Amino acid sequence: MRTLLSDKKVSMRDALSETILKLTQEDENVYVLDGDLATSTKIDIVANENPDKFLQMGIAEQNMMSAAAGLATTGIQPWTFTFAAFLAKRAIDQIQVQIAQPNLNVKMVGGYSGLLTGLTGKTHQALEDIAIFRSLANMVVLAPADATEVKKVMEFAHQYEGPVYIRLARDAYPTLFSDNYNFELGKAVTLKEGADVTIISTGTQTSRSLEAAEKLEAEGISVAVVHMPSIKPIDKEAIIKAAETTGAIVTAEEHSIIGGLGSAVAEVLVEEKPVPMLRVGVKDRNSESGPNEQMLEKYEISSNHVAQAVKEVLKKK
Amino acid sequence: MSNLLSEEKLQLLKEKSIESRKLVVHTVHNAGAGHIGGPMSAVDVLINLYFNEMNVNPEDARDENRDRFVLSKGHSAVALYTVLALKGYYPIKELDTFDSMDSRLQAHPDMNILPGLDMSTGSLGQGISAAVGMALGAKLKNLDFRTYCMIGDGESQEGQVWEAADVASKYKLDNLVVILDNNKLQQFGWGENYDEREVPVANPGERWKAFGWNVIEIDGHDHVEITKALSEARTVSGKPTIIVANTVKGKGVSFMENTHRWHSRVPTDEEFDNAVQELEAGV
């Protein structure tokens, strides 16, 4: 299922682009709503190649989300695209009242999540979107780790009846999955077995976690890596099993340590199987614009920071 | 008499409007909670929509081809609930459950539990956008239903209303009719003194015209004018219509009329009796 952490990086946005075009071509009810970021999110492919399925909603995210709710009541499956920051923070009341509570079949794709948003800085980054979306009843929250998984979760969301939030990143990431990978809602994916500690990661932080695990392996620390593409619903059994088999957990996400994957995992551990745990994420700080590697370093979410957390959590065992 | 409306129909609409207002006052008094001024101003338009204009059937509340209605000023839900009950969506007796635990008649409309509701609303500015989505959906799916939406003048202070206005205009949604319940008062508002409040949004017709809408201004308590406006909206092509319905907050009960104090006040037993008397006398 898993290919090795390859040097070949494929853009999540390209995968999104191809997949959404195909969905609009294959399903008469799939329409794309753009908050005027089509060239950034790369859904401009639909405007160019299947223009009847492309609805420009302008720079007005609140109206876009409420209108998507109205469209969904007529049998259309609206796919809304903007930056994660604007979905999670600008239009969240609309999403809660008119999409999540009524359980309407609206797909929300948040591009440019996390810190690495192409030098755009704190207005365009989303470090809170997982926390916000997973607190809404009825909401499914997904964060794929590579281009293949982007395609798979989008295909899943298309088949699923109800609101789905998909968290995507701007840049290209190493390929982790081959095309016969099968995404399952609420299921974790074990990418690497290990005995001493389990890293549970999501989205873009999964490839950094694998990198960390490989470095640690060279130092004689045996680390399991469990990827969590489905943050809500979350795979409780996988978390409990990881606690039982390795006795210590590190979570890793390109998100605030408040309310995200780390919190979701901690909620399960505290109630079901308390073991030593550390969270890698942005530590309750505002961020800034800057080059990727420097951002990962300054905000303490690089693979080295994940490796460091593993060493620290080992001391607590 | 307009040839759009027979004498019998006009009489029916007037009677239903009085019945609806009595039920609004009863329901709020019974529940000991709820809004009253805004619902009373909205009643005539709502009755006209459900008993004259819209193609809806309580027996088939989810019919794909039914006309849609969105109460964007969701806090006036109690008015809509009385109209839906009178129309036969559920027993009138159910109004007594308003605002209580497990009731389908939530303080603000919940489309999941109450038949006849086409959208959940309550957070202002959102309903009109959903109505835009419905009207756009009808165009995309080649369905010929029409979408109606009522907004408040206080609600029009929400920026989202104008986002919706812009997009509806761009998509030429001539199957969309928005009715502005222009009762000229909001919950508290602003003004020089407590009793003289400024209108929430000045010159609404001009604003909507600037956004490219067909604007019709009427007396929102006159069923002949309401009927004519809704009928005229059907003849307009290439743009959405807004009906600026000039109304009176608290309409029908003298001591509730034109005062922001009755935005969400519950009548005492004595006030309730007086209100019912006035409504029955057809004040």
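User: How do you know where the two domains of chain A lie relative to each other, and what sets their bounds?
Analyst: In this predicted model, the C-alpha centres of domain 1 and domain 2 of chain A lie 26 Å apart. The bounds are 10-174 for domain 1 and 189-316 for domain 2; they come from an automatic or database domain assignment.

User: What makes residues of domain 1 of chain A count as in contact with domain 2 of chain A, and how many are there?
Analyst: Two residues are in contact if their C-beta atoms, placed from the backbone, lie within 7 Å. By that test, 27 residues of domain 1 of chain A touch 27 residues of domain 2 of chain A. On the domain 1 side, the elements that give two or more residues are α7 (129-134), β6 (140-142), α8 (147-159) and β8 (172-174) of chain A. That side has 17 nonpolar, four polar and six charged residues.

User: Why are β3 and β12 of chain A called edge strands?
Analyst: Seven strands of chain A form an open sheet in the order β3-β2-β4-β5-β7-β6-β12, with mixed pairing. β3 (54-56) and β12 (230-232) of chain A each pair on one side only, and that is what the name refers to.

User: How do you know that β6(A) and β12(A) pair?
Analyst: Pairing needs at least two bridges found by DSSP. β6(A) and β12(A) have two bridges, in the antiparallel sense, so they meet the cut-off. A:Leu142 has A:Ser230 in β12(A) as its bridge partner.

User: What makes β5(B) a mostly covered strand?
Analyst: A residue is buried if 20 or more other C-beta atoms lie within 10 Å of its own. In strand β5 (residues 241-246) of chain B, five of the six residues are buried.

User: Which strands pair with β5(B), and in what sense?
Analyst: β3 (residues 176-182) of chain B runs parallel to β5(B), joined by six bridges; B:Asp181 stands opposite B:Ala245 there. β4 (residues 214-219) of chain B also pairs with β5(B) in the parallel sense, over six bridges, and B:Ile216 has B:Ile243 as its bridge partner.

User: Why is the unit of β4(B), α7(B) and β5(B) called right-handed?
Analyst: A crossover is right-handed if, with the strands pointing away from the viewer, the path from the first strand over the helix to the second runs clockwise. β4(B), helix α7 (residues 223-235) of chain B and β5(B) make a right-handed β-α-β unit, so the path from β4(B) over α7(B) to β5(B) runs clockwise in that view.

User: What does each chain give to the contact between chain B and chain A?
Analyst: Chain B gives 24 residues and chain A gives 22 residues. On the chain B side, α4 (126-140) and α5 (159-170) are the elements with two or more residues, and α4(B) has the largest share, 11 residues.

Terms used: Residues are numbered from 1 along each chain as its sequence is written. Chains are lettered from A and ligands numbered from 1 in the order in which they are written. This is a predicted model: local features need pLDDT of at least 70, side-chain atom pairs count only at pLDDT 80 or more; totals for chains, interfaces and linings use all residues. A residue is buried if 20 or more other C-beta atoms lie within 10 Å of its own, exposed if 12 or fewer, and partly exposed in between; C-beta atoms are placed from the backbone. Helices (H or I, at least four residues) and strands (E, at least two) are DSSP runs, numbered from the N terminus. Ala, Val, Leu, Ile, Met, Phe, Trp, Tyr, Cys and Pro count as nonpolar, Asp, Glu, Lys and Arg as charged, and the others, Gly among them, as polar.
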